[in-house]
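Grab a pencil and work through these exercises on charged side chains. Try each task yourself before you read the solution.

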Amino acid sequence: MALWRIRATVDDRPGYLSVLTASLALRGVNILTVQVHTTEVGAVDDFLVDAPDTLDEAGLIAAVERGRGRDCWVARSEARGLADQPTRVLGLATRLVRDPDLAGEALRTLLGADEVTWRPAAVAGGVTGTTMVLPDPTGGSYELSRAAPSFTPAEYARAQALAELAATASRRPADQVTLLLPDGAEAVVRPATADDLTGVLELHEGCSARTLQRRYLGGAAPPAPARLRRLVEPAQGLTLIATTTGSGGAAEPVVVAMASLLTEGDEAEVALLVRDDWQRRGIGTALLRRLMGHAERVGLAALVLHVQAENTPMLRTLHRLARPTATERDGSLVTVSVPVTAAAVAGVVLAQSRHR
C-alpha cells in the first residue's frame, strides 16, 4: 500500500461526494482524511489515501474522473501527512510563538509552497491559480507559489491567520517593558490595543496646544476619535504607548506618551507624542529606539519623520540615535530619514560624503 494526496473538484450537490468515494473504494483505495474547500466552481475535496501498490497516478486520476471528479491533481505523500490539519497548524503556531521570524518557513510548510518571497510593498492579497499574495500585518507582503495544485480560498484564510499570529508574536519583545528613566521615574512600554483608546484620548487632552501642533503639524486640536482609533491599531505598522501610575497611586495606569510607526512599502513614517510634564525625561528617545528595533526585525529600509524646524527637542532626540540621517527642509518643515538596514546606512553615508 502507498500514501497519496488527491485533490479534485466535485459539484456541490447531494450524493456527488459519495459517488467519488465509491469509485475510489472499488479500486481498493482507503480514504484516511478528507478536507473540503468551498469555492465558486464547486467543492474542492482534498484526500489523503492509502492505495494498492499496483495503482499508479494514472489509475487514481481515472478513478476520480469516473467518480465525477474533475481538475484532478495526484501526488505521492509521506507518513507525516497522516497528522491531521489542526495538529499541523498548532505545531506551526507553537514555532511562531517561539520565533516569529520563521513566518515565511511556516507559510511554506502549511501550504506546501515551492517558494515564499517577502516584498516590502504592501499590496492587496488574493489567489491566482498557483500564486498567492498575502499582506504582512507588520508591513510588506508575502508571495507564495507552487507547481500544483491551485490555491483555494480556505488555504488563503489559513495563511492569513498564521501571518497575523506571527505579527502578534513579533510584538512580544515590546510587551510590558519597564523603562527606568534618567531621573529615576518608571514607565511601562507596550503595544497599544483598542482598549487603550480612552487613555490615548486623555493623553491628547493633557497635552498643550504647542505639543499637539508639533505632533500633528497642521493644528493644535486633537484628532477625531476615529483617526486616533486607526493610530492605536494601525493596519500596517505598530503603535507603542508608555504608561505610569497616576498621581496618588491611582489603580489604572495613565498613558503619558505614544509612538506610532506606519508602514508604507519598505519605509515607515514615525511620530511621537509625549505629555508636557513627561518631556525632556528620556521617554521619547526610549520609544524611538524600540520602534527602530521593530523596524530592524521586520526588514524595513528606513524610518521617516516630519518635524517642525523649531522643534529642537525632537531633532535632539533623533541625534541621540547615533545613526546617519538624510535631511530635507521645505520651509518650516524638516523631513528626516533614518536608515535601518546596512545597505540604507551605507547609502546615506555615501550621500553625506559627496556633499562635504
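**Exercise 1.** Work out whether E143 is buried, partly exposed or exposed, then find its salt-bridge partner.

*Solution.* Step 1: buried means under 20% relative accessible area, exposed over 50%, and partly exposed in between (1.4 Å probe, protein chains only). Step 2: E143 has 30% relative accessibility, so it counts as partly exposed. Step 3: a salt bridge needs a side-chain nitrogen of Lys or Arg within 4 Å of a carboxyl oxygen of Asp or Glu. E143 forms one with R119, with the closest N and O atoms 3.4 Å apart. Step 4: this pair links distant parts of the chain, E143 in strand β8 and R119 in strand β5, 24 residues apart. Strands here are DSSP runs (E, at least two residues), and helices are too (H or I, at least four), numbered from the N terminus.

A quick note: this is a predicted model, where local features need pLDDT of at least 70 and side-chain atom pairs count only at pLDDT 80 or more, while totals for chains, interfaces and linings use all residues. Residues are numbered from 1 along each chain as its sequence is written, and side-chain values use heavy atoms, leaving out hydrogens and water.

**Exercise 2.** Find where R108 and E105 lie, and how far apart their closest N and O atoms are.

*Solution.* Step 1: both sit in helix α4, three residues apart, about one turn of the helix.
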